[in-house]
Amino acid sequence: MNPETQYITLNNVKKAASILRDVILETPLLKNQFLSEKHEANIVFKREDLQEVRSYKIRGAYHKISSLTVEELKQGVVCASAGNHAQGVAYSCNAKKTKGVIFMPTTTPNQKIEQVKMFGGVYVKVVLIGDTYDDASDAAADYCKENKMSFVHPFHDIKVIEGQATIALETLAQSKTPVDYLFLPVGGGGLAAGVSSIFKELSPNTKIIGVEPKGAASMSVSITNGFNTKIENIDKFIDGASVQKVGDLNFEICKENLDEMVTVHEGKVCQTILDLYNKNAIVVEPAGALTTAVLDQFSNEIKDKNVVCLISGSNNDITRTEEIKERALLHSGHKHYFIIKFPQRAGALREFLNDILGPNDDITHFEYSKKHNRDSGPAIVGLEIKNPNDLDGLILKMKTKKFFGEYLNDKPDLFQILI
């Protein structure tokens with residue numbers, strides 16, 4: 001292991017916990033009855049979504065800013081963030097009465113932007129720039145250098161990692177039984193690096209699983225390659241855990257400490273968000289659902305075990321609800337899009353409804369315009385079916401009746417253009 005990783009010590013993390021004691025909430029460790037019964041295990045949630053800023057990021061941000069000198073605090077701080085780290089920095093700037101300039105991607109949900117402004121008050125300025133966290137980070141680094149301010153990195157900083165690591169101290173103190181499995185969300189890797197370091201020292205028998213989005217598997221790819229790897233194209237939907245490259249220090253720690261790195265499909269995460277709300281009245285953001293979304297992959301392995309899932313945040317923009325539902329339905333096989341070739345004659349739509357669709361099939365999307373005199377005209381049709389196993393029969397009927405044009409779900413480029 002890189003010698004630099006040795007700086008993450010139990011003693012330093014305990015000092016961080018002391019600094020944070022009057023600032024953060026000691027979040028509860030709560031059993032989830034539904035998932036425990038489903039997987040025949042004792043599954044508990046570490047509820048970091050209940051922090052005042054609604055994510056664990058306050059721990060690292062406040063600890064880092066608290067480590068600055070009086071002169072550095074007078075100069076102010078700069079950070080880049082997709083949202084949660086920004087809120088932690090904003091809250092800390094307000095608490096420390098120091099100015100902060102926060103760079104956020106233009107794709108950041110508006111709800112998170114407004115929260116940053118609220119927590120920061122008069123001490124914080126928000127700058128929206130670029131399409132990804134990495135774009136915002138580059139701009140923030142340039143601004144920081146030009147204005148001689150202190151940079152508060154969301155994950156590649158020893159003080160930030162130590163702050164996140166305090167979650168491990170709380171979890172181990174709260175758990176009434178030894179922790180057999182610990183599931184951690186992975187974005188830039190700061191949380192996973194900090195928490196795993198303490199668990200490896202105090203609970204070495206715990207199996208630690210890192211979880212990241214399938215469309216932004218930066219840590220998984222890096223560990224497979226054996227070196228920290230930048231992914232050029234990522235799916236930014238799970239904005240709190242989608243980075244093109246994890247921190248170098250975090251990579252070194254995680255490749256040593258994590259027993260396994262796994263990915264979970266964004267659609268499965270969306271279904272988990274809906275399930276947590278409908279079954280438990282728990283509101284989580286996409287990154288906050290990663291550790292529970294992956295449990296189905298480990299159902300046999302975790303049976304009769306004590307399992308901790310870290311729920312990282314709940315900053316979910318309500319305007320994303322329809323997109324979340326849509327992604328969940330697509331992933332589960334209940335929602336399908338087609339290009340349908342309708343004969344240019346009266347009664348064609350009635351024939352499609354009566355002869356093709358089943359009694360439990362529903363049209364949820366329909367775009368059609370008669371623009372020419374050809375024998376048939378294409379329409380984009382979205383169908384929601386009750387049983388995913390009915391899809392093959394549905395397509396067969398379309399082809400037999402000569403309605404079938406294209407199936408769009410497995411053509412992502414065409415899907416993005418048309419839907």
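Helices and strands are understood here as DSSP runs, numbered from the N terminus, a helix having at least four residues and a strand at least two. With that in mind, and remembering that this is a predicted model, we can begin at the surface, where helix H15 (348-356) and strand E12 (362-368) each supply at least two residues of a nonpolar patch. The members of this patch are Leu349, Leu353, Phe366 and Tyr368, which together have about 340 Å² of accessible area. Leu353 is found in helix H15, and because its relative accessibility is 38%, Leu353 counts as partly exposed.

The surface also carries a patch of another kind, a negative one, formed by Asp131, Asp135, Asp138, Asp142 and Glu146. One of these residues, Asp138, is found in helix H7, which covers residues 133-147. The relative accessible area of Asp138 is 52%, so Asp138 is exposed. An α-helix has 3.6 residues a turn, so residues three or four places apart point the same way.

From the patches we can turn to charged pairs. Side chains of opposite charge can pair when their charged atoms come close. In this model the count comes to 21 salt bridges, and a few of them show how parts of the chain are linked. Lys46 and Glu170 meet through their side chains in a salt bridge, with 2.8 Å from N to O. Since Lys46 lies in strand E2 (residues 42-47) and Glu170 in helix H8 (residues 158-174), the pair ties together parts that are 124 residues apart in sequence. Lys46 is buried, because its relative accessible area is 0%, and Glu170, at 12% relative accessibility, likewise counts as buried. These two residues also belong to a network of salt bridges in which Lys46, Glu48, Arg59 and Glu170 are linked.

A further salt bridge joins Lys112 with Glu285, whose closest N and O atoms are 3.2 Å apart. This pair again links distant parts of the chain, 173 residues apart, with Lys112 in helix H6 (residues 110-120) and Glu285 in the loop between helix H12 (266-280) and helix H13 (290-293). Both Lys112 and Glu285 are buried.

Is the pair formed by Asp259 and Lys200 buried or partly exposed? The side chains of Asp259 and Lys200 meet in a salt bridge at 3.4 Å, N to O, and they link parts 59 residues apart, Asp259 being in the loop between helix H11 (248-257) and strand E9 (260-264) and Lys200 in helix H9 (residues 190-202). With a relative accessibility of 41%, Asp259 counts as partly exposed, and Lys200, at 27%, counts as partly exposed as well.

Helix H11 itself leads us toward the interior, for in H11 the residues Leu249, Asn250, Phe251, Ile253, Cys254 and Asn257 are buried. What covers these buried residues of H11 includes H8, H9, strand E8 (207-213) and helix H10 (218-225).

The last stop is Val269, which has its place in helix H12. Val269 counts as buried because its relative accessibility is 0%. Which residues is Val269 in contact with, leaving aside its neighbours within four places in sequence? They are Ile238, Val264, Pro286, Ala289, Leu290 and Ala293. For one of them, Pro286, the C-alpha atom is separated from that of Val269 by 6.4 Å, although the two residues are 17 residues apart along the chain.

Terms used
Residues numbered from 1 in each chain as written. Predicted model: local features only at pLDDT ≥ 70, side-chain atom pairs only at ≥ 80, totals over all residues. Heavy atoms only, no water. Patch = residues over 30% accessible without salt bridge, like charges linked within 9 Å, V, L, I, M, F, W, Y side chains within 5 Å. Areas by Shrake-Rupley, 256 points an atom, 1.4 Å probe, with all protein chains shown as cover. Salt bridge = Lys/Arg side-chain N within 4 Å of Asp/Glu carboxyl O. Buried < 20%, exposed > 50% of the residue type's maximum accessible area, 1.4 Å probe, protein only. Lys, Arg positive; Asp, Glu negative; His and termini not counted. Charge placed at Lys NZ, Arg CZ, Asp CG, Glu CD. Contact = heavy atoms within 4.5 Å.
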